[in-house]
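Please consider the points below with both in view.

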Amino acid sequence: MRLDKTYFDQKISRLGTDSFKWDVCRRENGRDAIPMFVADMDFPSPPGVQEALLMRAAHPFYGYTEVSEAFNLALCDFWKRHHQVDMIPESILSLPCVVSGLKIAIQALTEPGDGVILQKPVYGPFMESVRLSGRREMNASLIRDAQGRYTMDLEKIETFCREGARLMLLCNPHNPVGRAWTWEEMNGLARILDRYGVPLVSDEIHADFVFHPHVFQSALKLDMEKKMVLCAASKTFNLAGLQMASAVCPGEDMRTRIRKKMEENGVVSGNIFGLTASRAAYETGDEWLSMLKKRLKRNIEWFDDLLSEKVPCIRMTPMEATYLAWLDMRAFGLSTKEIVDRLKGGNIIVSPGTFFGEEGFIRVNLACSDSNLVVTALKLEELFRS
Ligand SMILES: Cc1ncc(COP(=O)(O)O)c(C=O)c1O
């Protein structure tokens, strides 16, 4: 299929592809269930990605594979073009996925019992990774203002640093609250962490979904020694099933510790198709990405308008970034489980706020077809009209 303006409207069923979003959801919730949960888009990947995969698959050898210099250069060029970030190829380590990078960083940079700072509400595996490794969660909750916009609690972060925190995990841009952290915020955070020698691990998997006039500010631009960025083409180009991510760690000492922990745990990458697809995406996906961002922005504004008109009690958090709407449902006085179950009864499957450490909220994935977007808004109206 050529890349034209109907590209994102193609009706291609994802059922029968072992899709977590579609097959698992229908198996668990019934054949009419509409998956509006996991961060996986119902839009086909760029044509250049499919072409590269087909070409590579045609060669019948799939043996051990290196992460080539060309792959890392494609990643560096993409980040330079899109985010004005200078990545050095030597600073890049390869991983099967971003969450494995969070886990490795925790193990490499802290000891059991150490405090790790994070900011709830945040992507569930942040908490899970701290808990499963026997480290201590230090939650500097984000602050929500009257308009529903979230900011960092830098005072709390400084208190945790003073109390001996050993690592900070940042979600940048932030899932689920949709903030694109400004340069002032990033710099303010770096100044505190640097003063106490606390390393920063920044999960930047949503970097390419920041909407004008907001600007993505990578932690790689910070003047700070102990920093590492986790990134991937997987979220941007819808390639999560191909299991490929990168850890960019400019400081040699920190990088050596991360590499050693990867070796100890047998965390290796070199998935032929993950590498082929990600490289093709970095090299040929710009036009597709620009069209995708327009579609996502339209979906976000459309969904926001529908909710404001039909169920104004549901407050949608202003979205500067990501395609994941964070909805404040507290006006209904229900538990998160009651809200999610009621929606499930109406065949709409969403992510509960509790997955991100917050009661009374749900997260809705807006990278979907027009019909699923409208059906979800109408169901919210039907089920939550006061
Ligand atoms: C902030 C964040 N980090 C990591 C991931 C998962 O990345 P991976 O599949 O590469 O582990 C997600 C997926 O939604 C995410 O939102």
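The points that follow concern the nonpolar cores and the ligand site.

1. The model is predicted: local features need pLDDT of at least 70 and side-chain atom pairs count only at pLDDT 80 or more, whereas totals for chains, interfaces and linings use all residues. Numbering runs from 1 along each chain as its sequence is written, and side-chain values use heavy atoms, with hydrogens and water left out.

2. The largest nonpolar core has 99 residues. Such a core is a set of buried (under 20% relative accessible area, 1.4 Å probe, protein chains only) Ala, Val, Leu, Ile, Met, Phe, Trp, Tyr and Cys residues joined through side-chain atoms within 4.5 Å. Among those with the most contacts inside the core are Trp79, Met87, Phe303 and Leu380.

3. Both domain 1 (7–45 + 286–384) and domain 2 (54–284) give residues to this core, so it lies between them. The domain bounds come from an automatic or database domain assignment.

4. Beyond four places in sequence, Leu380 touches residues including Phe303, Leu327, Ile362 and Arg385 (contact: heavy atoms within 4.5 Å).

5. A second, separate core of 30 residues includes Leu102, Ile104, Leu118 and Met262.

6. Which residues have a polar side-chain atom 2.8 Å from an oxygen atom of the ligand? They include His206 and Lys235; for Asn175, the corresponding distance to a ligand oxygen atom is 2.7 Å. A polar contact is a pair of N or O atoms within 3.5 Å.

7. The protein covers 90% of the 400 Å² of accessible area that the ligand has on its own (Shrake-Rupley method, 1.4 Å probe).

Note on methods: Buried < 20%, exposed > 50% of the residue type's maximum accessible area, 1.4 Å probe, protein only. Polar contact = N/O pair within 3.5 Å; in protein donor to acceptor, adjacent residues only side chain to side chain.
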